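Colleague: I have this model open and want to go through it with you. Could you start with the terms and then take my questions in turn?

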Amino acid sequence: MIISRTDFLYRAQLDQDTLEVWIRDEWLLPQGDGTELAFSEADLARAGLIRNLQQDLGVNREGVGVILSLLDQIHSLRWALSSR
C-alpha cells in the first residue's frame, strides 16, 4: 500500500521538518522524488520505531542511527539466510 506524504505525516504523527531530517539522515527511504514521495507501511512502522527510540527511550540522534543500521543488517542477514 502506498501512503502519500500528507497521510504519512498524519499517521506517523510527524511534522514536515522532522520528516525531512529523517529522510536526509536516510532513516527513512521513501520512493519517488522530493516533491512526490510515496511511503510504505514499513516506512510507517520504522517512523514509529524512531519516534519511540527518541521520545520514550531517550536515544540520541547518533544512537538512533546505530540502532537502525544494526536492524538493517539483521534483516539483510535473515533474508540472505532464508534464500539459501
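Modeller: First the term for the fold pattern: helices (H or I, at least four residues) and strands (E, at least two) are DSSP runs, numbered from the N terminus. The model is a predicted one, where local features need pLDDT of at least 70, side-chain atom pairs count only at pLDDT 80 or more, and totals for chains, interfaces and linings use all residues. Residues are numbered from 1 along each chain as its sequence is written, and side-chain values use heavy atoms, with hydrogens and water left out.

Colleague: Fine. What pattern does the protein chain follow along the sequence?

Modeller: The order is β-α-α-β-α-α. That comes from four helices and two strands.

Colleague: What does the C-alpha trace span along its principal axes?

Modeller: About 40 × 30 × 20 Å. Of the 84 residues in the protein chain, 30% count as buried. Buried means under 20% relative accessible area, exposed means over 50%, and partly exposed is in between, using a 1.4 Å probe and protein chains only.

Colleague: What share of the contacts comes from residues 24 or more positions apart?

Modeller: 51%, taken over the contacts with a separation of 6 or more. Contact means heavy atoms within 4.5 Å.

Colleague: Let's move to H1. Which of its residues are buried?

Modeller: H1 covers residues 5-12, and its buried residues are Arg 5, Phe 8, Leu 9 and Ala 12. They sit on the same side of H1 because they cover an arc of only 100° around the axis. The arc is that of the directions from the helix axis to the C-beta atoms.

Colleague: Which exposed residues are on the face turned away from that side?

Modeller: Thr 6 and Tyr 10.

Colleague: What follows H1?

Modeller: Gln 13, with a positive phi near 55°. Gln 13 is in the loop between H1 and H2 and counts as exposed, at 60% relative accessibility.

Colleague: I also stopped at Glu 26. What is its phi?

Modeller: Near 65°, a positive value in a residue other than glycine. Glu 26 lies in the loop between H2 and E2, and its relative accessible area of 56% makes it exposed.

Colleague: Change of topic, aromatics. How many aromatic pairs are there?

Modeller: Two. Rings of Phe, Tyr and Trp (its six-membered ring) pair if their centres lie within 6.5 Å; planes under 30 degrees apart count as stacked, over 60 as edge-to-face and the rest as tilted. Phe 8 and Phe 39 are stacked, because their ring centres are 4.0 Å apart and their planes are at 15°. That pair links distant parts of the chain, with Phe 8 in helix H1 and Phe 39 in strand E2, 31 residues apart.

Colleague: Is Phe 8 buried or exposed?

Modeller: Phe 8 is buried, at 0% relative accessibility. Phe 39 is buried as well, at 1%.

Colleague: What about Trp 22 and Trp 27?

Modeller: They form a tilted pair, 6.2 Å centre to centre with 45° between the planes. Both Trp 22 and Trp 27 are buried.

Colleague: Where is Ser 40?

Modeller: In the loop between E2 and H3. Ser 40 is partly exposed, with a relative accessible area of 26%. Leaving aside neighbours within four places in sequence, Ser 40 is in contact with Met 1 and Ile 3. The C-alpha atoms of Ser 40 and Phe 8 are separated by 8.7 Å, at 32 residues apart along the chain.

Colleague: Last one, Val 59. What does it touch?

Modeller: Leu 53, Gln 54, Val 64 and Ile 67, not counting residues up to four places away in sequence. Val 59 lies in the loop between H3 and helix H4 (61-82). From Val 59 to Asp 72 the C-alpha distance is 18 Å, and they are 13 residues apart in sequence.

Colleague: And the charges? How far apart are the mean positions of the positive and negative ones?

Modeller: 7 Å, for 8 positive and 13 negative charges. Lys and Arg count as positive and Asp and Glu as negative, while His and the chain ends are not counted. The place of a charge is taken as NZ of Lys, CZ of Arg, CG of Asp or CD of Glu.
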